[in-house]
Amino acid sequence: MPPFPPIEPYEHGLLDVGDGNLVYWETCGNPAGKPALVVHGGPGSGCGTGSRRYFDPERYRVVLFDQRGCGRSLPHASDPATDMSLNTTHHLIADMERLREHLGIERWLLCGGSWGSTLILAYAERYPERISEIVILGVTVTRRADIDWLYRGVGRFFPAEWDRFRRGVPEAERDGELVAAYARLVESPEPEVRARATWNWLAWEDAVISLESNGSPGSYSARPPDAATAFVRICAHYFSHGAWLEEGELLGNAGRLDGIPGVLLHGRHDLGGPVGTAWELAEVWPGSELVIVEDSGHTGSEVMRRLALEATERFSRS
């Protein structure tokens, strides 16, 4: 089935979530429809208009929001004065719950992928009674082992590109924690240091998805400058702290999702987030359904998008 036609929000705003942060949100579709929340990736990508089209506007009340520091939320992480200590996974979980209360929603379907998958799982395990269903496109749980794979291990497939990424940090730090080194560089008081680190990071992200002919190769460095700056700053901040999660926490607590229907869609050719993680989650989440998409990598494919549409269509009737 094709995506639903483009729609515009019927309501939007900036929600004061405390700490001087204003989170952008919007609602589309049917105000009396089934509530669904889109949780974007990154962290720091911001929500896109295309996500609105995964839901039947006659049946769904679709909520989208920009996580702290990105998109239309304020203050923006592209501003070096923005305090990143006020931007953590636990802040985002609290923001989602405050948004639910603000909109008067009792329970909602959660949909998202990549980093959005991690945030969905963290929120759902904290508030399982608030979740009706979950649809994930690209499972991640952001273990430190997963972060190490993405920014070091997968370099065995792209040795020249990874060597350039590694050489983007000071020589004394090249054999240590690269993500932490980049997190320090993007906080530098020198604009040229921040800019160089940002574009080195984006070049590596592009390398990892460069083989995805059915997806969006090259999409990271195509971002506008402020969006790119915020994306890298937020990613490095989150990943250098292990997303403030205990190692294996989300898989270990997956039993809390028992009774919540879930569809897990994962690309067979996702180099940055290997399919094994999706399989591990499906094994410990009673009621979940894993579909491995044979033509897809991390950035998806038409088949993956069709399967996501079929999942939301099925859940619209429950």
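Student: Is Arg 100 buried or exposed?

Tutor: Buried means under 20% relative accessible area, exposed over 50%, and partly exposed in between, with a 1.4 Å probe and protein chains only. Arg 100 has a relative accessible area of 5%, so this residue counts as buried. Keep in mind that this is a predicted model, where local features need pLDDT of at least 70, side-chain atom pairs count only at pLDDT 80 or more, and totals for chains, interfaces and linings use all residues. Residues are numbered from 1 along each chain as its sequence is written, and side-chain values use heavy atoms, leaving out hydrogens and water.

Student: Which helix is Arg 100 in, and what is Arg 100 in contact with?

Tutor: Helices are DSSP runs (H or I, at least four residues), numbered from the N terminus. Arg 100 belongs to helix H1, residues 89-103. Contact means heavy atoms within 4.5 Å. Skip the neighbours within four places in sequence, and Arg 100 touches Ile 105, Glu 106, Trp 108, Tyr 123 and Arg 130.

Student: Okay, which residues of H4 are buried?

Tutor: In H4 (159-166), look for Trp 162, Phe 165 and Arg 166. Down the axis of H4, these buried residues fall within an arc of 100 degrees, so they line one face of the helix. The arc is taken from the directions between helix axis and C-beta atoms. Their cover includes helices H3 (144-151), H5 (178-185) and H6 (191-208).

Student: What do the buried residues of H6 pack against?

Tutor: They pack against H3, H4, H5 and H7. Among the buried residues of H6 are Val 193, Ala 197, Trp 201, Leu 202 and Trp 204.

Student: How many cavities of 30 Å³ or more are there?

Tutor: On a 1 Å grid over the protein atoms alone, a cavity is a set of points where a 1.4 Å probe fits but cannot get out; a pocket is an open set with protein on both sides within 12 Å along at least five of seven lines, and lining residues have an atom within 4 Å of a point. Here there is 1 such cavity. The largest cavity has a volume of about 40 Å³, and its lining includes Val 141, Arg 143, Leu 245 and Glu 249. Volume is the space filled by probe spheres set on the points, which are joined across faces, edges and corners.

Student: And which helix gives the largest share of the second largest pocket's lining?

Tutor: That's H3, with 4 residues. H3, H5 and H7 (225-240) each supply at least two. This pocket has a volume of about 190 Å³, and Ile 147, Tyr 151, Leu 178 and Phe 239 are among its lining residues.
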